[in-house]
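Please read them with the structure open.

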Amino acid sequence: SLTKISPMKANLTNLKFEYLYRDAGNYKQFGSVVFENPSGITAEEATELIRSRLIDGQYFESSKGDVPIIQVYTYHPDLDHGWYEFEQLSETAEVSNPQREFDEFIKDFGV
């Protein structure tokens with residue numbers, strides 16, 4: 001006989017990485033990526049891994065980890081920068097986009 005798993009627990013298997021770009025005028029644009037999580041790492045553990053790889057515990061270069069580029073309204077090379085801000089990481093039932101595992105992402109991510 002199969003063990004019944006709580007539907008709430010069973011659905012929260014992927015990890016959602018949320019970040020933002022803040023330009024020189026303090027305008028913000030938000031982005032997110034959902035990763036598969038076959039290793040079952042918790043959002044708290046994943047957040048610790050992310051923070052240990054961030055600049056000043058908060059920022060990362062847009063080229064790291066292959067996260068989608070957030071289009072800025074107007075980019076001023078003398079004022080703006082190529083850094084994104086980590087916002088949060090949470091467990092989610094959303095489908096991964098693109099199909100990629102968190103373990104792969106974290107290997108490529110960081111300073």
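This is a predicted model: local features need pLDDT of at least 70, side-chain atom pairs count only at pLDDT 80 or more; totals for chains, interfaces and linings use all residues.

1. Gly 82 sits in the loop between E3 and E4. Helices (H or I, at least four residues) and strands (E, at least two) are DSSP runs, numbered from the N terminus. Gly 82 has a relative accessible area of 36% and is partly exposed; buried means under 20%, exposed over 50%, and partly exposed in between, with a 1.4 Å probe and protein chains only. Leaving out residues up to four places away in sequence, Gly 82 touches Phe 60, Glu 61 and Ser 62, where contact means heavy atoms within 4.5 Å.

2. Residues are numbered from 1 along each chain as its sequence is written, and side-chain values use heavy atoms, with hydrogens and water left out.

3. The protein chain has 3 helices and 4 strands, in the order α-β-β-α-β-β-α from the N terminus. Of its 111 residues, 36% are buried. Among contacts between residues at least 6 apart in sequence, 74% join residues at least 24 apart.

4. The 4 strands make an open, antiparallel sheet in the order E2-E1-E4-E3; two strands pair if DSSP finds at least two bridges between them. Strand E2 (28-35) and strand E3 (59-61) are the edge strands, each pairing on one side only. From one strand to the next the twist averages 40 degrees. Axes are lines fitted to C-alpha atoms, for helices over the stretch in contact, and angles run from 0 to 180 degrees between N-to-C directions.

5. E3 pairs with strand E4 (residues 83-92) in the antiparallel sense over 3 bridges. Trp 83 in E4 is the bridge partner of Glu 61. Helix H2 (residues 43-51) lies across strand E1 (14-22) and E4, at about 165 degrees to E4.

6. Which residues have the most contacts inside the largest nonpolar core? They are Phe 17, Ile 50, Leu 89 and Phe 102, in a core of 21 residues. Such a core is a set of buried Ala, Val, Leu, Ile, Met, Phe, Trp, Tyr and Cys residues joined through side-chain atoms within 4.5 Å. E1, E2, H2, E4 and H3 each supply at least two residues of this core, and E1 gives the most, with 4 residues. Leaving aside neighbours within four places in sequence, the contacts of Phe 17 include Ile 50, Leu 89, Phe 105 and Phe 109.

7. The whole structure holds 15 aromatic pairs: rings of Phe, Tyr and Trp (its six-membered ring) with centres within 6.5 Å, counted as stacked with planes under 30 degrees apart, edge-to-face over 60 and tilted for the rest. The ring centres of Phe 35 and Phe 102 are 6.3 Å apart and the planes are at 70 degrees, so this pair is edge-to-face. Phe 35 belongs to strand E2 and Phe 102 to helix H3 (residues 102-108), so the pair ties together parts 67 residues apart in sequence. Phe 35 and Phe 102 are both buried.

8. Phe 105 and Phe 109 form a tilted pair, 5.0 Å centre to centre with 40 degrees between the planes. Both residues, Phe 105 and Phe 109, are buried. Ring pairs link a cluster whose members include Phe 17, Phe 35, Phe 60, Phe 102, Phe 105 and Phe 109.
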